[in-house]
Amino acid sequence: QQVGNYTAESHPKLPWQTCTRGGSCTTNSAGTVTLDANWRWTHITGNYTNCYTGNTWNTTVCTSGSQCASQCALEGANYQQTYGITTSGNALTLKFVTKGENTNIGSRVYLMASDDKYQMFNVLNKEFTFDVDVSQLPCGLNGALYFVQMDEDGGLSKYSGNKAGAKYGTGYCDSQCPRDIKYINGEANSDGWNASPNDTNAGAGKYGTCCGEMDIWEANSISTAYTPHPCKTTNDGGQQRCTGQECNTPDRYGGLCDPDGCDFNSYRQGDRTYYGKGLTVDTSKKFTIVTQFLTDNNSTTGTLVEIRRLYVQDGKVIPNSKTNFPGLIKDYDSVTQQFCDDQKTAFGDHPSFQNQGGLAHMGRSLAKGHVLVLSIWDDHAVNMLWLDSTYPTDVDPNKPGIARGTCSTDSGKPTDVETNSPNAQVIFSNIKFGDIGSTYSGNP
Ligand code: IDC
């Protein structure tokens, strides 16, 4: 994919901080974000003809994936007007529905270190902290902050067909091995593309793109989960193009990645008064989320053994909720391999997390360096019910592991949320990264 020159690409600034033990933090003022390539206008290089419109490719120019990539360009983005993406100080606001020339739904952005490189993080033996305002995120929406093992340059140096690189938000991959990605490995995903039956803006091609994923935060004002998803792709979870069964389909568990992950959702784990409006972590106002990645030898080169979570709100440190349902060997308040084994057995869930190498393999992936993703999305596959409702919807919600939040099983349909909650939004702010214990303070 080429670079278009109708709109200059200007990345919104998003400064963030690096902290060291002792509590001193320095600001990385070069931080910016870039919009994922899938949201961008792609047209024939040098004129205004679309290469892709709605949910279909221009079959005249896209006779093959490589032909298409050689003739089509990605454009610069008008962040605020077209996509509802704004930054102010250290805060990023992502709006759900933005009505411009077209109607934009959701967005996905990546933190950049420079104009053409993503910011790479190795979170092992470190702590990642940010503030969030989820008060305007109803059932069915997800304001997400997570890490994926994308290439630092978006694949520009590996794939000669990719001339746009990280600057234009190329190279996305995750543990669902998504097939709705328009350009993969320097080629358009136009071969075998099927327009989505229920999404006017999306479709699925012959290829998907897989990589290890660490979901630090998938949440709305009702429910939240944090979830490691390891992958047996090249380079311990590095970006790898997939076809057919490799892309976790038709057998969800027969692909290169763990699509379920080992999730810690406080409600699903049995504490129903912990997270939500007016609850212990009160989602009607801003709070801080701290996530710690502990290794067996307290170094960045150790084996990942535990992912801990705590919250800070109104100056008070709030310990994570504890698991509370029958059938567990003990109560847990963090993600460890034992927690994952124990909850998967107790809930009767598929052991795909274990089969893909478990927490230790997630750690190997994180050690290779990950890119930070911030997004707001609705769910055309399962209406976000896996996060905030009863899922599967036909199983007794009193059975442990089925209830994930208080949303109705009828909620979260994209057409409903897009119509009824166009003003939904998420605000992420005050990102800090550093030594364990260095990025937050508060009273017990
Ligand atoms: C979740 C994943 C999440 C993904 C979602 C939809 O954690 O990243 O976006 O699926 O594909 C299930 C569900 C499975 C859930 C998983 C955790 O079948 O969809 O994974 N889980 O809630 N049953 C038990 C656990």
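## Basis of the model

The model is predicted, with local features requiring pLDDT of at least 70 and side-chain atom pairs counted only at pLDDT 80 or more, while totals for chains, interfaces and linings use all residues. Residues are numbered from 1 along each chain as its sequence is written.

Helices (H or I, at least four residues) and strands (E, at least two) are DSSP runs numbered from the N terminus. Two strands are taken to pair if DSSP finds at least two bridges between them.

## An open sheet and a hairpin

An open sheet of 3 strands has the order 1-8-5, with mixed pairing. Strand 1 (2-3) and strand 5 (42-44) are at its edges with a single partner strand each, so one side of each has no neighbour in the sheet. Strand 1 and strand 8 (residues 72-74) run parallel and are joined by 2 bridges; Q2 stands opposite A73 in strand 8.

Strand 2 (residues 16-20) pairs with strand 3 in the antiparallel sense over 5 bridges, and T18 stands opposite T26. The two strands form a hairpin with 3 residues between them, where G22 in the turn has a positive phi of about 105°. Burial is judged from C-beta atoms placed from the backbone: a residue is buried if 20 or more others lie within 10 Å of its own, exposed if 12 or fewer, and partly exposed in between. Strand 3 (residues 24-28) is hardly covered, as the count of buried residues among its 5 residues is 0.

## Strand 13 and its partners

Strand 13 (residues 107-114) is mostly covered, with 6 of its 8 residues buried. Strand 4 (residues 32-35) runs antiparallel to strand 13 and is joined to it by 4 bridges; V33 has L111 as its bridge partner. Strand 31 (residues 370-378) also pairs with strand 13 in the antiparallel sense, over 4 bridges, and Y110 stands opposite V373 there.

Strand 14 (residues 117-118) is antiparallel to strand 13, with 2 bridges between them. A hairpin of 2 residues connects strand 13 to strand 14, and S114 stands opposite K117.

## The nonpolar core

A nonpolar core is a set of buried Ala, Val, Leu, Ile, Met, Phe, Trp, Tyr and Cys residues joined through C-beta atoms within 7 Å. The largest one has 102 residues, and Y110, Y146 and W217 have the most contacts inside it. Strand 17 (residues 141-148) gives the most to this core, contributing 6 residues.

Contacts are defined by C-beta atoms, placed from the backbone, that lie within 7 Å. Leaving aside residues up to four places away in sequence, Y110 touches V33, T34, Y118, G169, V371, L372 and V373. T291, in strand 28 (residues 287-295), counts as buried because it has 23 C-beta neighbours inside 10 Å. With the same exclusion, T291 touches E127, F128, I216, Y226, I307 and R309. The C-alpha atoms of T291 and W217 are separated by 9.5 Å, although the residues are 74 apart along the chain.

## Helix 4

The buried residues of helix 4 (residues 337-347) are F339, C340 and Q343. They lie on the same side of helix 4 because they cover an arc of only 95° around the axis, the arc being that of the directions from the helix axis to the C-beta atoms. These buried residues pack against helix 5 (352-355) and helix 6 (358-367). After helix 4 comes G348, with a positive phi near 70°.

## Ligand shell

Which residues surround the ligand? The shell consists of T227, P259, D260, G261, D263, D349, V382 and W386, a residue being near a molecule if its C-beta atom, placed from the backbone, lies within 6 Å of it. By class, the shell has 3 nonpolar, 2 polar and 3 charged residues. Here Ala, Val, Leu, Ile, Met, Phe, Trp, Tyr, Cys and Pro count as nonpolar, Asp, Glu, Lys and Arg as charged, and the others, Gly among them, as polar.

## Backbone features in loops

The loop between strand 25 (240-243) and strand 26 (275-276) contains P250, whose peptide bond from T249 is cis with omega near 5°. N248 is in the loop between strand 25 and strand 26; its phi is near 60°, a positive value in a residue other than glycine. N248 is buried, with 24 other C-beta atoms within 10 Å.

A cis peptide bond also joins Y391 and P392, with omega about 0°; P392 lies in the loop between helix 7 (385-388) and helix 8 (414-420). C177, in the loop between strand 17 and strand 18 (183-184), has a positive phi of about 50° although it is not a glycine. C177 is buried, with 26 other C-beta atoms within 10 Å.

Terms used. Contact = placed C-beta atoms within 7 Å.
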